[in-house]
Amino acid sequence: MNENPTPIRVLFVCLGNICRSPMAEGIFRKLVEEQGVENHFDIDSAGTGDWHLGESIDPRARQILSEYDADYEHTARQVTTRDCECYDYLLVMDAANERALRALCPVSLHDKIYRVMEPIDNSEVPDPYYGAGMQGFEQVYRMLNQSLQRWLERWLEDTNT
Ligand code: 4NP
(Lines give C-alpha, C1' and ligand atoms only; values in the text may rest on other atoms or scores of the structure.)
Protein backbone atom coordinates (compact mmCIF):
# COMPACT_ATOMS: atom_id res chain seq x y z
CA MET A 1 0.00 0.00 0.00
CA ASN A 2 1.28 3.47 -0.86
CA GLU A 3 1.91 5.20 2.49
CA ASN A 4 2.10 8.70 0.94
CA PRO A 5 -0.80 8.88 -1.47
CA THR A 6 -2.39 12.08 -2.75
CA PRO A 7 -5.25 12.27 -0.28
CA ILE A 8 -8.88 12.26 -1.31
CA ARG A 9 -10.32 15.44 0.19
CA VAL A 10 -13.76 14.98 1.72
CA LEU A 11 -15.88 17.75 3.26
CA PHE A 12 -19.13 16.95 5.07
CA VAL A 13 -21.68 19.76 4.98
CA CYS A 14 -24.85 20.36 7.02
CA LEU A 15 -26.65 23.48 8.24
CA GLY A 16 -25.11 24.29 11.62
CA ASN A 17 -21.92 22.16 11.63
CA ILE A 18 -22.70 21.04 15.16
CA CYS A 19 -24.79 17.87 14.65
CA ARG A 20 -24.88 15.92 11.39
CA SER A 21 -21.70 16.91 9.56
CA PRO A 22 -19.48 16.58 12.66
CA MET A 23 -21.08 13.19 13.30
CA ALA A 24 -20.20 12.22 9.72
CA GLU A 25 -16.66 13.51 10.24
CA GLY A 26 -16.20 11.55 13.47
CA ILE A 27 -17.65 8.36 12.00
CA PHE A 28 -15.55 8.62 8.84
CA ARG A 29 -12.37 9.38 10.83
CA LYS A 30 -13.00 6.24 12.84
CA LEU A 31 -13.67 4.11 9.74
CA VAL A 32 -10.44 5.16 8.00
CA GLU A 33 -8.43 4.59 11.18
CA GLU A 34 -9.90 1.10 11.56
CA GLN A 35 -8.81 0.34 7.98
CA GLY A 36 -5.38 1.96 8.49
CA VAL A 37 -5.99 4.33 5.56
CA GLU A 38 -6.09 7.68 7.37
CA ASN A 39 -3.16 8.88 5.19
CA HIS A 40 -5.39 8.52 2.14
CA PHE A 41 -7.94 11.10 3.22
CA ASP A 42 -8.22 14.76 4.24
CA ILE A 43 -11.45 15.06 6.20
CA ASP A 44 -13.32 18.08 7.51
CA SER A 45 -16.85 19.39 7.98
CA ALA A 46 -18.59 22.76 7.69
CA GLY A 47 -22.03 24.35 7.86
CA THR A 48 -23.92 26.45 5.37
CA GLY A 49 -25.17 28.69 8.23
CA ASP A 50 -23.19 30.90 10.59
CA TRP A 51 -25.15 30.65 13.84
CA HIS A 52 -22.78 28.29 15.62
CA LEU A 53 -19.35 29.43 14.44
CA GLY A 54 -16.63 28.49 16.92
CA GLU A 55 -18.83 26.12 18.89
CA SER A 56 -18.04 22.51 19.66
CA ILE A 57 -20.25 19.54 18.76
CA ASP A 58 -23.79 19.54 20.12
CA PRO A 59 -23.70 17.55 23.42
CA ARG A 60 -26.24 15.03 22.12
CA ALA A 61 -24.18 14.35 18.99
CA ARG A 62 -21.06 14.10 21.16
CA GLN A 63 -22.76 11.58 23.41
CA ILE A 64 -23.54 9.31 20.45
CA LEU A 65 -20.04 9.67 19.00
CA SER A 66 -18.55 8.84 22.41
CA GLU A 67 -20.71 5.74 22.72
CA TYR A 68 -19.27 4.52 19.42
CA ASP A 69 -15.72 5.66 20.20
CA ALA A 70 -15.81 8.19 17.36
CA ASP A 71 -15.55 11.48 19.29
CA TYR A 72 -12.98 14.09 18.18
CA GLU A 73 -12.12 17.76 18.78
CA HIS A 74 -14.35 19.95 16.65
CA THR A 75 -14.87 23.69 16.09
CA ALA A 76 -17.83 24.71 13.94
CA ARG A 77 -17.11 26.73 10.83
CA GLN A 78 -18.98 27.95 7.76
CA VAL A 79 -18.40 26.52 4.30
CA THR A 80 -16.67 28.84 1.80
CA THR A 81 -16.26 29.06 -1.97
CA ARG A 82 -12.64 28.03 -1.41
CA ASP A 83 -13.86 24.75 0.09
CA CYS A 84 -15.62 24.04 -3.19
CA GLU A 85 -12.31 24.50 -5.01
CA CYS A 86 -10.14 22.57 -2.54
CA TYR A 87 -12.24 19.53 -1.71
CA ASP A 88 -12.82 16.60 -4.08
CA TYR A 89 -16.12 15.54 -2.54
CA LEU A 90 -18.66 17.77 -0.82
CA LEU A 91 -21.14 15.46 0.89
CA VAL A 92 -24.34 17.17 2.02
CA MET A 93 -27.01 15.90 4.39
CA ASP A 94 -30.19 17.23 2.80
CA ALA A 95 -31.74 19.14 -0.09
CA ALA A 96 -31.44 22.50 1.67
CA ASN A 97 -27.70 22.00 2.18
CA GLU A 98 -27.42 21.01 -1.46
CA ARG A 99 -29.23 24.15 -2.64
CA ALA A 100 -27.09 26.40 -0.44
CA LEU A 101 -23.87 24.79 -1.63
CA ARG A 102 -24.90 24.96 -5.29
CA ALA A 103 -25.61 28.66 -4.81
CA LEU A 104 -22.15 29.18 -3.27
CA CYS A 105 -20.03 27.08 -5.65
CA PRO A 106 -19.29 27.93 -9.28
CA VAL A 107 -21.34 25.71 -11.62
CA SER A 108 -18.14 24.10 -12.92
CA LEU A 109 -17.65 22.56 -9.45
CA HIS A 110 -21.19 21.28 -8.91
CA ASP A 111 -20.23 17.74 -9.85
CA LYS A 112 -18.30 17.50 -6.58
CA ILE A 113 -21.56 17.80 -4.61
CA TYR A 114 -23.34 14.61 -3.55
CA ARG A 115 -25.85 13.68 -0.93
CA VAL A 116 -24.08 11.64 1.72
CA MET A 117 -26.76 8.90 1.43
CA GLU A 118 -26.21 8.54 -2.33
CA PRO A 119 -24.66 5.05 -2.09
CA ILE A 120 -27.73 3.77 -0.19
CA ASP A 121 -30.86 5.55 -1.45
CA ASN A 122 -29.93 9.25 -1.91
CA SER A 123 -32.29 10.10 0.97
CA GLU A 124 -31.95 13.10 3.27
CA VAL A 125 -30.38 12.80 6.71
CA PRO A 126 -33.00 14.36 8.99
CA ASP A 127 -31.99 17.38 11.06
CA PRO A 128 -32.01 16.15 14.69
CA TYR A 129 -31.41 19.57 16.31
CA TYR A 130 -35.01 20.40 17.25
CA GLY A 131 -37.22 17.90 19.00
CA ALA A 132 -35.93 14.61 17.62
CA GLY A 133 -34.53 13.46 20.99
CA MET A 134 -31.68 11.01 21.35
CA GLN A 135 -33.48 8.60 19.02
CA GLY A 136 -33.05 11.15 16.25
CA PHE A 137 -29.32 11.30 16.86
CA GLU A 138 -29.13 7.48 16.93
CA GLN A 139 -30.92 7.40 13.59
CA VAL A 140 -28.45 9.91 12.12
CA TYR A 141 -25.57 7.78 13.39
CA ARG A 142 -26.97 4.60 11.85
CA MET A 143 -27.66 6.23 8.49
CA LEU A 144 -24.23 7.85 8.26
CA ASN A 145 -22.36 4.78 9.44
CA GLN A 146 -24.05 2.63 6.79
CA SER A 147 -23.49 5.08 3.97
CA LEU A 148 -19.93 6.07 4.88
CA GLN A 149 -18.84 2.44 4.83
CA ARG A 150 -20.03 2.34 1.24
CA TRP A 151 -18.28 5.58 0.31
CA LEU A 152 -15.05 4.24 1.82
CA GLU A 153 -15.31 0.98 -0.13
CA ARG A 154 -15.88 2.95 -3.31
CA TRP A 155 -12.92 5.25 -2.75
CA LEU A 156 -10.59 2.42 -1.80
CA GLU A 157 -11.60 0.54 -4.96
CA ASP A 158 -10.95 3.69 -7.02
CA THR A 159 -7.48 4.05 -5.56
CA ASN A 160 -6.75 0.28 -5.73
CA THR A 161 -5.81 0.38 -2.07
P1 4NP B 1 -26.88 20.44 11.90
O2 4NP B 1 -28.08 20.76 12.91
O3 4NP B 1 -27.17 21.18 10.63
O4 4NP B 1 -26.96 18.97 11.74
O5 4NP B 1 -25.61 20.91 12.61
C6 4NP B 1 -28.53 22.04 13.20
C7 4NP B 1 -27.90 22.79 14.15
C8 4NP B 1 -28.38 24.04 14.47
C9 4NP B 1 -29.48 24.55 13.84
C10 4NP B 1 -30.11 23.80 12.86
C11 4NP B 1 -29.63 22.54 12.54
N12 4NP B 1 -29.98 25.84 14.17
O13 4NP B 1 -31.01 26.23 13.60
O14 4NP B 1 -29.40 26.52 15.02
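**View 1. Cys 84 and Cys 105 are joined by a disulfide, with 1.9 Å from S to S.** Here a disulfide is a pair of cysteine sulfur atoms within 2.5 Å, and by this rule the count comes to one. The model is predicted, so local features need pLDDT of at least 70 and side-chain atom pairs count only at pLDDT 80 or more, while totals for chains, interfaces and linings use all residues. Residues are numbered from 1 along each chain as its sequence is written, and side-chain values use heavy atoms, with hydrogens and water left out. The link of Cys 84 and Cys 105 is left-handed, with -70° about the S-S bond. Cys 84 sits in helix 3 (residues 81-86) and Cys 105 in the loop between helix 4 (95-104) and strand 4 (113-115), so the pair ties together parts that are 21 residues apart in sequence. Helices (H or I, at least four residues) and strands (E, at least two) are DSSP runs, numbered from the N terminus. Both Cys 84 and Cys 105 are buried, a word that means under 20% relative accessible area with a 1.4 Å probe and protein chains only.

**View 2. Cys 14 and Cys 19 have sulfurs too far from any other cysteine sulfur for a bond.** For Cys 14, the closest cysteine sulfur is that of Cys 19, at 7.0 Å. Cys 14 counts as buried because its relative accessibility is 2%. Cys 19 is buried as well, with a relative accessible area of 5%.

**View 3. Asp 58 is a buried residue in a loop.** That loop lies between strand 2 (41-47) and helix 2. The relative accessible area of Asp 58 is 8%. Leaving aside residues up to four places away in sequence, Asp 58 touches Ile 18, Cys 19, Tyr 129 and Phe 137, where contact means heavy atoms within 4.5 Å.

**View 4. Helix 2 (residues 59-67) and helix 5 (residues 133-158) cross at roughly 50°, their axes coming within 10 Å.** Axes are lines fitted to C-alpha atoms, for helices over the stretch in contact, and angles run from 0 to 180 degrees between N-to-C directions. The two helices are therefore oblique to each other: angles under 35 degrees count as roughly parallel, over 145 as roughly antiparallel, 65 to 115 as roughly perpendicular and the rest as oblique. Helix 2 brings Arg 60, Ala 61, Gln 63, Ile 64 and Glu 67 to the contact, and helix 5 brings Met 134, Phe 137, Glu 138 and Tyr 141.

Key. Buried < 20%, exposed > 50% of the residue type's maximum accessible area, 1.4 Å probe, protein only.
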